Amino acid sequence: MKTISAGKKKYLDQLTNENGVIGALAIDQRGALKKMIGNYKEATTDDVIKFKELVSQQLTPYASAILLDPEYGLPAAEVRDAECGLLLAYEKTGYDATTPGRLPDVLNVWSVRRLKEAGADACKFLLYYDVDEPEEINEQKRAYMERIGSECTAEGIPFFLEIVSYDAEIADATSQEYAQVKPRKVIGAMQEFSQERYQVDVLKVEVPVNMNFVEGFGETVCYTQAEAAAYFKEQSDATELPFIFLSAGVSAELFQETLRFAKQSGSTFNGVLCGRATWANGVEPFVKESEEKAIAWLSEQGKQNIIELNEVLKETATSVYTKA
């Protein structure tokens, strides 16, 4: 069991609900959100900032915390519900595709101290990690995470590490080929960054299988339900840290079913940081119609998505304080 300092616990309290579960909303997307808006028109900076504000205004009354980026998201942080905690992202969006290894990089004019001064209750960093990449690449990533962990500990705020797995040899992470190797990639990365040297407080991770290839969930079967359940249990047992699931852009319905499946499989996950599954379908009315139409969608369907997710979390998630 990891012990968390009293100072960090005070901040973690701001990010959890009354049951000690993290039911957080993620809208730190930058490149991805621009692409979503770009399906309808050329995305401007104002578009990105305004959409984040609308999501924050309409949905934070139902979330324990919101994850934003300091580049476009600070106005949205200002209009969030008073009871809603704030995580701020520290990484640059995307990665340099011209260099092998999807190497991590922090925002140039930010530090953990500056994120804290901007009101963050925690620092989030997204790391792309392939357990099978050459050691010279992964050693750089491990050292980088040690630096961020030390920064967070120095400032006394929690370090949320988001790990997105991949295979350098498989271009399509949604493919059956990747689905076959995904459990080992996800679980191996979790084991690595659960080590004390990284000073991670909460892991934000993918589910260990692609649910579209689980028997009964998709047309093509890569894992039986028993095999998938075993991977969920193995993932849960792989770390003593609190861990939360990311939605990875799947539908709200599939994400909710996934959480129920995780619980049934014996996973003791501690909440979610759910992004596109909650708000993605609000982009179209925002761009094609008006702010008012986007507000209407968010206040109805977006609100319903997050309330339904909260109900599922009551049935399925475990308090972070059973681990932290």
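In the class counts below, Ala, Val, Leu, Ile, Met, Phe, Trp, Tyr, Cys and Pro are nonpolar, Asp, Glu, Lys and Arg are charged, and the others, Gly among them, are polar. The model is a predicted one, in which local features need pLDDT of at least 70 and side-chain atom pairs count only at pLDDT 80 or more, while totals for chains, interfaces and linings use all residues. Residues are numbered from 1 along each chain as its sequence is written, and side-chain values use heavy atoms, without hydrogens and water.

**Pockets**

A pocket (on a 1 Å grid over the protein atoms alone, an open set of points with protein on both sides within 12 Å along at least five of seven lines) is lined by residues that have an atom within 4 Å of a point. Volume is the space filled by probe spheres set on the points, which are joined across faces, edges and corners. Helices (H or I, at least four residues) and strands (E, at least two) are DSSP runs numbered from the N terminus.

The largest pocket has 50 lining residues, and Tyr-128, Val-164, Leu-246, Ala-248 and Arg-276 lie nearest its centre. At least two lining residues come from each of α2 (31-38), β4 (122-129), β5 (159-165), α7 (176-193) and α9 (252-264); β4 provides the largest share, four residues.

Around the second largest pocket, the lining includes Asn-17, Glu-18, Tyr-62, Asn-310 and Lys-314. Helix α12 (residues 291-316) contributes the most to this lining, with three residues.

| Pocket | Volume | Lining by class |
|---|---|---|
| Largest pocket | about 1500 Å³ | 22 nonpolar, 13 polar, 15 charged residues |
| Second largest pocket | about 260 Å³ | five nonpolar, five polar, two charged residues |

**Cavities**

A cavity is a set of grid points where a 1.4 Å probe fits but cannot get out. Two cavities of 30 Å³ or more are counted.

The largest cavity holds about 40 Å³ of space. Its lining residues include Gly-23, Val-272, Cys-274, Ile-306 and Leu-309, with β1 (22-26), β8 (271-274) and α12 each giving at least two residues. By class, this lining has six nonpolar, three polar and no charged residues.

The second largest cavity has a volume of about 30 Å³. Among its lining residues are Ala-252, Phe-255, Cys-274, Asn-305 and Leu-309. Helices α9, α10 (276-279) and α12 each supply at least two residues, and the largest share, three residues, is that of α9.
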